[in-house]
Structure formats: C-alpha cells, structure tokens
Amino acid sequence: MATTLGKNTPILVMIAIITGLLTFSFINSNGDFGDFGITVLSGLFQGMLLFLVASGLSIIFGLMDVLTLAHGAYFMIGAYVAYDVQHPGGVIDLTAAIPDPNLRFPVALIAAILVGAGLGVILERGLLRPLYSRPIFQLVMTFGVSLVMVEIVKAIWDTTIYSWQDRFGLQESFFELFGQQFSVYRLFVVGIGFVLIIGIALILRRTRIGIIIRAGVEDRQMVEALGINVQLVFTVVFTLGCAVAAFGGGIAAPFLGASNNLATDFLLQAVAVVVLGGMGSYEGTAAGSIMVGLAIAVAQKAAIGTAFTVLPSITPMLLLILILLLRPSGLFGSAHSS
Amino acid sequence: MSAPVLEIRNIHTFIGQFHILEGVNVSVPQGSITVMLGRNGAGKTTTLKSVMGLTPPSQGAILFEGKPIHGKRPYHIAQLGIGYVPEHRAIFKTLTVRENLELAERQAHDLEKRIDFIFNLFPAMRQFYHYPAGNLSGGQQQMLAIARVLVPENRLLLIDEPSEGLAPVIIEELMAAIQKLAETSTVLLVEQNFRMASRLADRYVILDDGQSRVEGVMPELIKDEQLIQRYLGVA
Amino acid sequence: MTTRLIENLRENWLYWLIILFLLAFPFLVAAQTGSSPFGEPRGDRMVMRGESVRWQAVMIEIFILAILAMSYNLMFGFTGVLSFGHALFFGLSGYIIGLMLEYTGLDNGIALILGIGLAIAINGILGLLIGLVSLRLKGVYFAIFTLAVAEMAFIFFGRFALTRAEDGFTLTHVPIWLDATQNRITLYYVALGMGIFTFFAIRRLINSPTGAVFKAIRENEDRAQSIGYNTLTFKLIAITIASMLAASAGVLQVLLNKKVGPELLGIGNTVDPLLMTIIGGIGSFTGPVIGATGLHLLDTNIREATITIGSTVLHVSDFWGLLLGAIFILAVMVFPQGVVGTWIRLRMRWQKFTKSA
C-alpha cells in the first residue's frame, strides 16, 4: 500500500493541483460554464504551446544531458518565419504564388519547421558536439547562441513587434457553447497538442528509436557499446526537438505575433515546466505543460480587475518553486537524476 | 593453434590524467576462453573498455580478426561482431527484458532467430519477458546482460566479472551458460573469483599495475602456486 | 615587522603597483588631457565634463562589474555552485537603497548609511534563506530555482506601482559628497576601496581552511561530505558572502547612475558576471577582474564605433549583441579556461620547453 502510494504520488499531486485550479476557476467564474470553458480552453492552448517547446527541451536533456537554452529562440524563429511567409513583403513573399491564405498557412508552418530543423542540425553538429564532456559550458554556449539568434532576427526583421494581420478561415471561425464564443483555432491547436503528446509517447514506447532514446537516458555509453551510433541519434533528436519548437512558434504566431520577447518568455516557462515535471521525464513534461498552461489562464482570469496584474507572469515560477520545495527532483523526477 | 581472434599489442590508456594501462599485451585464440586475472585496479576493466573504444588507447594496437580496430568509435567496434557485458551488469532498468534484448539487434529479426536459444539458456528471461528489467534479481540481471550480447552474431564476447556479488548457485548456472557460449564464440573474461576462472578458462593473462605480466594455459597456472601467490594473493 | 612588509611587497608588488596606479588614475588622466578630476564648476554646482570625470565613470562601472563578477566567481568558480539568479541581490539592493533615499524622508546622510547597511544585511539574509531552501537541490535544479526567484523579482518590480513599474525612479536625495554628478571622485575612491576589499577578502577566504572546503566541494561534493564536512553549511557561507558582495555592487551601481529600475534585476546582470568570469578565468582571483575590465572597455569603446567599408557605414551598436554572443560562444569553445587559465597553461608549456631545451 505504502509503495503504491509512493509510486503514484506525482500523479496524485498533479491531479490535486489541476483539480484545485479548475475548482478555483469555476468559483471565479461564478459557476458560469461559458466563462469557465473559455478559461480552460485558453489554459489548454497555452499549455500545448508550452509543450511544443518543453518536450524537445526535456527529451534532449534526458538523452544528451544538455539543457539547451537556445530552445526558446527556435520558437521565436518559427514565429518569424511563419509570419514572413504568410504576409506580403518580407523575405519570402508567397502572396502571388499562393493567393489563398488558408493554403499559405500550412506552407508557412512547413517553412518554420524546416528552418528550425536546419538551424538545429547546425547547432548540434557545429557547436554542441565538441562540448559534450563539459555540460556547464554547453549551458553557457547555448545561451550565447540564443543571444546571437535574437540578434540575427533583429537584423533580418528589425525590432518591430509584428501582430498577425492576414486572417484566414480557421482563425476566424468560432463556435458557440454555453452562450460564449469559442475560438476554433485554439481548439485546433489544443487538438494538435494532444495528438503530439500521444504521438511522441507512442514513438518512445513502441519504436526502435524510442527504445534507444529511453535506454540512452539511462546509460549512453552502454547503448553505444551495443553497436548503436548514439551521436547520430543525438543529431536526429536534437533536430526534431528544434523543429517541433519552431513549429510551435509558427502555430502560435496567429495569436502571439512575432517578437523578440518570445525567445526568453517561452524559454523560461518551458524550463520551468521541464524542471517541475522532473527533468528527463516525458510524462512529467506533458503533465507539467498542461498544468502550467491552466495555471496561467486561471491566474489571468483571476487577475482581471484586481491589483495583482503581475500574477499570471509569475505563475509558472511560483509553481516551479512550490513543486521543487515539495519534491526536489520535480514531479516525476527520480532522485538520482541530477 | 589458429590465429588469434583478438590481439592487444602494448596498449597505453589514460583516463583523465591518470595513466591506467602502461603496456598491456593480450592474445585471445579462436574458440578459447581466456581469463584476465589481477588485483583490483590492475587495469582489467579498462583493458576491456579500451577494446570496445569506450576508453580509447593513446598508444599501441588492437586487432580483431587481424584488422586494426583501435581508434574506431564504440558502436562501430561492436558492429564488427564484438559483444560486451560490462561490470555491474549495466542493463537498462526502466526498459522491459524484451526491450533490452531488442536494443541489441543489429539486423531486423535478430531477436526472433535467437530467442529460443536464449530462453533455453536462461528460462527466467521467458518468465519476465515483459517486465521492467529493474525488477529482476541480481543474478537474472546478469543473465540478461549476457543474453543481450547473444542477440546479434558476435564472434567475440568480452565479459567483465559476471560472478560479482552473486550467490554460488547462480554462479554455477552462469558458468554453465558461459561454457555453452564458448562453443560458438571466443570469450575474453575478467574474473576475480579464481575458482570460477580456473574451471572455466583454458588460457590466462595476469595484469598488474596496468601491465600484462604473464600469460599461458590454465592448467600450468593452477600448478604454479608461487605465481598465484605473487600476483593474485590467493592460494 | 619590516621584513614582513618587504616580503609582502615582493610577493604582491604587481597588486600594489596596480592599486597605486588606480589611486592616481583620476589625476593622471587629468594631467594627460588637461581636464579637471573634479569636473567643471558652474555657479555653485559642478558639471561632470572632461576626460578625467568621464573616465572615472568608466572605471567605477568596471569596479562594480568586477565586484559582481568576483562575488559570482566565489560561488561558481570556487565552490562550484552555478546560480542563474545573481542579479536578484544586485538589483534588490539597488531598490533598497533607492527606497531608503527617496521614500523614507530621512536625512540624506542617515538614509544613505542605513540604506547601505540594510541592502547588505537584507541580501545576506535573503541569500542565506534561498540557500537554506534550495541548496539541497542539485546542479541544474538549483540554477533554475535561483533563475525563477530572480525572474519573479524582475517581473514584480517591473509592475510595482510604488517604484514606478517599468520606468523606475531617479535618485534626487543622494548626499552631495557622494553624488556622482557633483563629487564623482569620492564615489570613484569608494568603489575602488570596495573593489580592493572584495579582492583581498575573497583571496583571504579562499586561502583559509574554509576556502579549502569550498574547493573540495567544487571538485567532488560527495567526497567532501564523506570526509565529514557539512557541505551545506559551507555552501551557505559562500552564497551568503557572495550575495552581500553583490549587494554592495548594486548599491554602487545605483549611486553611479542615480537611477533605480527593474533592469537592475534583469537576467543581463546574471549573464554579465558569468560571462566575465568565464572569459577571465573560472576559479582564479584575477580572472573575474580581467573579464570585467576587458568586456566593459570593449563595450564602451567599440559600441559607439562605426566601421566604413567602401560607401557603407556600419554602426557597431547595431550588431553589438551579435558581437557579444559571438565572443560568448568563442570564449566557451576556444578558451574554456579563460584568459588566466590560458596564460597559466602557456607559461607552463613555455617553462617545460625552456627546461627541455
């Protein structure tokens, strides 16, 4: 009994926190299902965006022991590329080639993914690989890369904050429930998020590369000694992680636009998610993303009209501190991973 | 005697600034079980790791079936047909027994072809096939670590201290299994348990202070109590 | 007594020389450029114009950065504790002294002294508290925890109405004798004194038995623990001292710029000392000072420069961040031991070479 409880503590803590958040939100909405639903959808939406950054961060850390501080910059680049491709002017102007904005958006997303993947390969092969024996320096170096990427973005797109102009069908449509207008696009992003959460879980559970990744999290050297080219797996995982982050930026752009701040904002929140979930634990990252997303949305709702407008921005950090104090290795983290 | 499967020629290996191997020569003939003996810290484990490329030697040569393998990456060395069973049975505890074995596949269906052989050798593997390997007992984990190198076609097996921390009954079982393996592959073994080593191996190499001192055939070593006393400190 | 002095002089002659040079620096620049080290009088006030006072400001900034980097090095370089929240102590002390001067209505002199004392004391206690709750976290977890705390403070003060949120507030009640726009040279000597104190205090500490334990923790905490040291206590000592030193740097920063704002708490004030420590040389006494001096001189001199290639004029300030990032990456990839470490390695190689020749 004691062991089952011990084993399930993270899940119980998580359920308790999410239930607490939802209950608070429901009371905060005065029992209005429409209001409550809007908050929950907004929370899930933000949680999914966080997951797109945090999942790569978490798997890369687990497998390669690298906390890549450049990951937020990939999200930012994704947003810029998607914005650029979708809108007239800019580096790539596809408004003539693909006049339909509904068709242009998927192309913009693909462009974001490709750019993210390309920059990912460059970072892993060129800069990270020579530093595998010096983890602290990797931390510092990826931070430098993040600075450089922000500067490159400034050089190409200037320091202007772009807000999304070119509205397309999915973004414009709403459905009505409990007397409230719900955004179809947000629902769509949440759906994609869930598909990815389950898809990545299946890859990790069922495929050979998944087995290699999980084994590599335990003991890289032994995986290599079994005849598997671990460095190649590193490159693949790192590249995919960057591609997913850039995809996240692209898919968020219609809501958040494109700006320099995205890099730091999402990096800090995603790092908070990864750490509070337990570093290297995929379940922890998925659960943590949803938890933090919901917490932010609930805080945003609660802060309206009060003096605590700071609350939503510090919510991820508050949650992180709270959970680290309760469980020093994060929710799903094992004690030995440090 | 046929040409050696593995030949280690005067290798030097550093770990950090420490000069661990200072000239090790080992020759492992085809079909033999060769055991490396020596005190703790003599460099036995490092020799195996150097062969695998995990701690690459800075000097000297390592030949596998006549071809140099030093300087190659570990995965490449393994793919040539060398199986490595590390000390402390480094199995993947969160993976199931089946996943541990699948990981060792080098070609599709490797496991399918060998699974019956493995189940025959270690019946416990069948019983716990779908359970996390961390749930296995110490002896079963050691069996899994050995079973793992049986999945692909390995012509040379490097086995590091299989008996470490195991009960005598289980050691007997492991010995029988290793003897069975030696029918099809060559084995280079590191073993502290002299009784087990003397019964299993047909050849020996003694390492001391990072150097190989003596090598020969096992029956001669068993007779030479002076030598045993000098390097191994056991009677 | 005299023999000890001579001994000291022989061992530390370079340090004494540098200190003498820094003491004379405002007057040297003044003599060289024909400007006054006190600025120019306009009526009964002074105007900070001329090369000497301009250079004093540059040097004060270097002292501040050096103190900050040295305090960072005490934790990261000597004790092996990686923190991403150092800006917290720096910025918070700025807010404390600012609030004391501008919001309490006390006499300027009293408010200043009280503010300095409070800033250092509160940050020391805060460092101790943060250490108490978080130092049992390992490596990356501790770094992220400190980042979270510092980021929260940054966000909080960025929205805190009393301190004018993002805009921050300016200091108008600094006592005239320490006012950087009136008597900059006093602030220069105060900052210099603090810098020298920090340097020798850290050296003394690290060369003491306590310092030996710090280094043992850096090399292998588990082993230090198994020898019988309560490593938590020693890490607490390190973080407490480091936070107090960072607080003193924060006080000086606010007095120099006469401005308090959330940017003091920004991540830049953690990254800068980290970068300076790495570039100068981790775990060496002079490394952080060299890193701070080099980077700040680069910053002030190159940032304003323009490069003309043919007909195009490039402003360095436009790609300053890019340049800084590139230096960052280069330093980590090529000179991981920093200036000091590389220098020592080259000298050892040279000695080996001359010996064998």
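Two residues are in contact if their C-beta atoms, placed from the backbone, lie within 7 Å. Keep that cut-off in mind while reading this predicted model.

Start with a pair of helices in chain C. Which residues of helix H2(C) meet helix H10(C)? From H2(C) come Leu65(C), Leu68(C), Ala69(C), Tyr72(C), Asn73(C), Phe76(C) and Gly77(C). From H10(C) come Asp272(C), Pro273(C), Leu274(C), Met276(C) and Thr277(C). H2(C) covers residues 51-78, and H10(C) covers residues 268-280. Their axes come within 8 Å and cross at roughly 75 degrees. Angles of 65 to 115 degrees count as roughly perpendicular, and H2(C) is therefore roughly perpendicular to H10(C). Sorted by class, this contact has eight nonpolar, three polar and one charged residues.

Now move to chain A. Its secondary structure comes to 13 helices and two strands. The radius of gyration of chain A is 20 Å, close to the 20 Å that the globule rule gives for 338 residues, so chain A is as compact as a globular protein of that length. Along the principal axes, the C-alpha atoms of chain A fill a box of roughly 60 × 55 × 35 Å.

Look inside chain A for another helix pair. Two packed helices are described by the angle between their axes and the distance between the axes. Helix H3(A), residues 71-86, packs against helix H10(A), residues 230-256. The angle is about 50 degrees, and the axes are 6 Å apart. H3(A) and H10(A) are therefore oblique to each other. Their crossing is right-handed. On the H3(A) side, the contact is made by His71(A), Tyr74(A), Phe75(A), Met76(A), Ile77(A), Gly78(A), Ala79(A), Val81(A), Ala82(A) and Tyr83(A). On the H10(A) side, the residues include Cys242(A), Phe247(A), Gly248(A), Gly249(A), Gly250(A) and Leu256(A). By class, the contact of H3(A) with H10(A) has 15 nonpolar and five polar residues.

Next comes chain B. Chain B has ten helices and ten strands. The radius of gyration of chain B is 17 Å, close to the 18 Å that the globule rule gives for 235 residues, so chain B is as compact as a globular protein of that length. The C-alpha trace of chain B spans about 45 × 40 × 35 Å along its principal axes.

Four of the strands in chain B form an open sheet. Their order is S2-S1-S4-S5, and the pairing is antiparallel. Which strands stand at the edges? They are S2(B), residues 18-29, and S5(B), residues 67-68. Each has a single partner strand, so one side of each is left without a neighbour in the sheet.

Follow S1(B), residues 4-15, to see how the sheet is joined. Nine bridges join S1(B) to S2(B), and the two strands run antiparallel. Along this pairing, Thr13(B) stands opposite Leu21(B), and Phe14(B) stands opposite His19(B). S1(B) and S2(B) form a hairpin with two residues between them. In the turn, Gly16(B) has a positive phi of about 60 degrees. S1(B) also pairs with S4(B), residues 59-64. Five bridges join these strands, which again run antiparallel. Here Glu7(B) stands opposite Leu63(B).

Finally, see how the chains meet. Two pairs of chains are in contact, and chains A and C share the most contacts. On this interface, 32 residues of chain A are in contact with 31 residues of chain C. Three helices of chain A each give two or more residues to the side that touches chain C: H5(A), residues 135-157, H11(A), residues 261-277, and H13(A), residues 311-326. H5(A) gives the largest share, twelve residues. By class, this side of chain A has 26 nonpolar, four polar and two charged residues.

The contact between chains B and A takes 19 residues from chain B and 15 residues from chain A. On the side of chain B that touches chain A, H2(B), residues 74-79, and H3(B), residues 97-103, each give two or more residues. The largest share, four residues, comes from H2(B). By class, this side of chain B has 13 nonpolar, two polar and four charged residues.

What of chains B and C? They do not touch. Their nearest C-alpha atoms are 14 Å apart.

Terms used: Residues are numbered from 1 along each chain as its sequence is written. Chains are lettered from A and ligands numbered from 1 in the order in which they are written. This is a predicted model: local features need pLDDT of at least 70, side-chain atom pairs count only at pLDDT 80 or more; totals for chains, interfaces and linings use all residues. Two strands pair if DSSP finds at least two bridges between them. Ala, Val, Leu, Ile, Met, Phe, Trp, Tyr, Cys and Pro count as nonpolar, Asp, Glu, Lys and Arg as charged, and the others, Gly among them, as polar. Axes are lines fitted to C-alpha atoms, for helices over the stretch in contact, and angles run from 0 to 180 degrees between N-to-C directions. Angles under 35 degrees count as roughly parallel, over 145 as roughly antiparallel, 65 to 115 as roughly perpendicular and the rest as oblique. A crossing is left-handed if the near helix is turned anticlockwise from the far one by less than a right angle, and right-handed if clockwise. The radius of gyration is taken over C-alpha atoms; the globule rule is 2.2 Å times the number of residues to the power 0.38.
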